[in-house]
Amino acid sequence: MIREMCTVAPHPTDIDRVRISVTCPECKKKHRFDMLESDWFQGLRDRNAGALMQNAFPNLAHHHRESLISGLCPSCFDEICHD
């Protein structure tokens, strides 16, 4: 399931894209990224059908996929899950 803290809105200047906003549960900061609307809906369909996140959203950077899963921003994820 895609993170509940995620909101999706039309991109302000590009009709083919959406803006994804995620509020980090650790630092409470909002981070955003954009993607094609068609990729977003295809990814949601694939996830609902059981696809792994990396297969459902192959064109999305790994830290954005992690944000959709855990809600963590890249900085907090690195701090919590450092190697």
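Author: One definition before we start: two strands pair if DSSP finds at least two bridges between them. Helices (H or I, at least four residues) and strands (E, at least two) are DSSP runs, numbered from the N terminus. With that in hand, strand 2 and strand 3 pair in the antiparallel sense, over seven bridges.

Reader: Before we go on, what am I looking at, and what got counted?

Author: This is a predicted model, where local features need pLDDT of at least 70 and side-chain atom pairs count only at pLDDT 80 or more, while totals for chains, interfaces and linings use all residues. Residues are numbered from 1 along each chain as its sequence is written, and side-chain values use heavy atoms, with hydrogens and water left out.

Reader: OK, what's the mean pLDDT of the protein?

Author: The mean is 91, and 96% of the residues reach 70 or more. pLDDT is the predictor's confidence in each residue, from 0 to 100.

Reader: What about Cys-27, buried or partly exposed?

Author: Partly exposed, because its relative accessible area is 30%. Cys-27 sits in the loop between strand 2 and strand 3. Leaving aside neighbours within four places in sequence, Cys-27 is in contact (heavy atoms within 4.5 Å) with Cys-73 and Cys-76.

Reader: Switching to charges. How many salt bridges does the structure hold?

Author: One. A salt bridge here is a side-chain nitrogen of Lys or Arg within 4 Å of a carboxyl oxygen of Asp or Glu. The partners are Asp-34 and Arg-19, at 2.8 Å, N to O. Asp-34 lies in strand 3 and Arg-19 in strand 2, so the pair ties together parts that are 15 residues apart in sequence. Asp-34 is partly exposed at 27% relative accessible area, and Arg-19 is partly exposed too, at 25%.

Reader: Then which buried residue has no salt bridge?

Author: Arg-65, whose nearest side chain of opposite charge, Glu-66, is 8.2 Å away. For charge, Lys and Arg count as positive and Asp and Glu as negative; His and the chain ends are not counted.

Reader: Where does Arg-65 lie, and what's it touching?

Author: Arg-65 lies in helix 3 (residues 62-70). Apart from neighbours within four places in sequence, its contacts are Met-53, Gln-54, Phe-57, Pro-58 and Leu-60. The buried residues of helix 3 are His-64, Arg-65, Ser-67, Leu-68 and Ser-70. They pack against strand 1, strand 2, strand 3, helix 1 (37-48) and helix 2. Just after helix 3, Gly-71 takes a positive phi of about 90°.

Reader: Last topic, the core. Which residues touch the most other members?

Author: Ile-2, Cys-6, Ile-20, Met-35, Trp-40, Phe-57 and Leu-68, out of 13 residues in the largest nonpolar core. Strand 2, strand 3 (30-36) and helix 2 (53-56) each supply at least two residues of this core, and strand 2 gives the largest share, three residues. A nonpolar core is a set of buried Ala, Val, Leu, Ile, Met, Phe, Trp, Tyr and Cys residues joined through side-chain atoms within 4.5 Å.

Reader: And what does Ile-2 touch?

Author: Not counting residues up to four places away in sequence, Ile-2 touches Trp-40, Leu-44, Arg-47, Met-53, Phe-57 and Leu-68.

Notes
Buried < 20%, exposed > 50% of the residue type's maximum accessible area, 1.4 Å probe, protein only.
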